[in-house]
Amino acid sequence: MLEDFVLREKIFHFDHERIPERIVHARGSGAHGFFEVYESLAELTKADLFQRPGEKTPVFVRFSTVAGGAGSVDTPRDVRGFAVKFYTKEGNWDLVGNNIPVFFIQDAMKFPDLVHAVKMEADRAYPQAGSAHDTFWDWASLMPAHMLTWAMSDRAIPRSFRMMEGFGVHTFRLINASGKSSFVKFHWKPKLGLQSVVWDEALKLQAADK
Ligand code: HEM
């Protein structure tokens, strides 16, 4: 009965225990760190965090795979993404990147089709996490993409999040103090160098590291 508020409260909590996971980039890991200015970028931008060499801005980064769901492996053949939050004096600034410099599509209309092809079937939870499977090849064969060659390269099985390059992919526009604008790209270079596992290692890690 609706008047049984104890039951209704309990069922309300019960029904809300599980939040549906996000469709892409569901599985991630985070790290705190800092961004350090090596050379002033005042010529390009008036953004405070880029002005003074040596100045550090705290950041938090969330790294993720794209296709796998909760509990999926860390070593699938997949793109790695990362979302950087810069805690600047002017407020928080968010910037995303991928570890591959181009993207599968340019038209957002195709995004659900791309993701339906690469992700596991919603009712079967299979194929899981990776991108080298028949459903994805069906889509890729009809919509060939430059990124496919990158996704099938060693970049898609990085050794760790500390050993991959990062790319803002989009072209951004920065504006300096005198109002002059410049187009820029953001690239991240790993201090440890670019390193990947080999496919057999990836498979072994997936089996052992559960
Ligand atoms: C047509 C192009 C694209 C579309 C439609 C798209 C769409 C999406 C969607 C719907 C999400 C999930 C958001 C959520 O559940 O909260 C997402 C997450 C994400 N995307 Fe894209 N995306 C596109 C291109 C890109 C590109 C080019 C990059 C890399 C620069 C990128 C990097 C990411 C990252 C890193 C996340 C996870 C962010 C986080 O950890 O919070 N995406 N994208």
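1. Let's start with Thr57, which is buried at a relative accessible area of 4%. Here buried means under 20% relative accessible area, exposed means over 50%, and partly exposed is in between, using a 1.4 Å probe and protein chains only. Thr57 sits in strand β2, which covers residues 56–65. Leaving aside residues up to four places away in sequence, Thr57 touches Gly33, Phe34, Phe35, Leu49, Phe86, Tyr87 and Thr88; a contact means heavy atoms within 4.5 Å.

2. A word on what you are looking at: this is a predicted model, where local features need pLDDT of at least 70 and side-chain atom pairs count only at pLDDT 80 or more, while totals for chains, interfaces and linings use all residues. Residues are numbered from 1 along each chain as its sequence is written, and side-chain values use heavy atoms, with hydrogens and water left out.

3. Now the overall layout. The protein chain has five helices and eight strands, in the order α-β-β-β-β-α-α-α-β-β-β-β-α along the sequence. Helices (H or I, at least four residues) and strands (E, at least two) are DSSP runs, numbered from the N terminus. Along the principal axes, the C-alpha atoms fill a box of roughly 65 × 55 × 35 Å.

4. How much of the protein chain is buried? Of its 210 residues, 36% are. Looking at contacts between residues at least 6 apart in sequence, 62% join residues at least 24 apart.

5. Next, the surface. The protein chain exposes about 13,900 Å², and carbon and sulfur atoms supply 58% of that area; accessible areas come from the Shrake-Rupley method with a 1.4 Å probe, and for residues only the protein chains shown count as cover.

6. Which residues form a nonpolar patch on the surface? They are Leu7, Ile11 and Phe14, with about 280 Å² of accessible area together. Ile11 belongs to helix α1, residues 5–15, and is partly exposed, with a relative accessible area of 38%.

7. Finally, find Leu2 in the segment before α1. Leu2 counts as exposed, at 69% relative accessibility. Leu2 and Pro53 are 51 residues apart along the chain, and their C-alpha atoms are separated by 64 Å.

Definitions and conventions. Patch = residues over 30% accessible without salt bridge, like charges linked within 9 Å, V, L, I, M, F, W, Y side chains within 5 Å. Salt bridge = Lys/Arg side-chain N within 4 Å of Asp/Glu carboxyl O.
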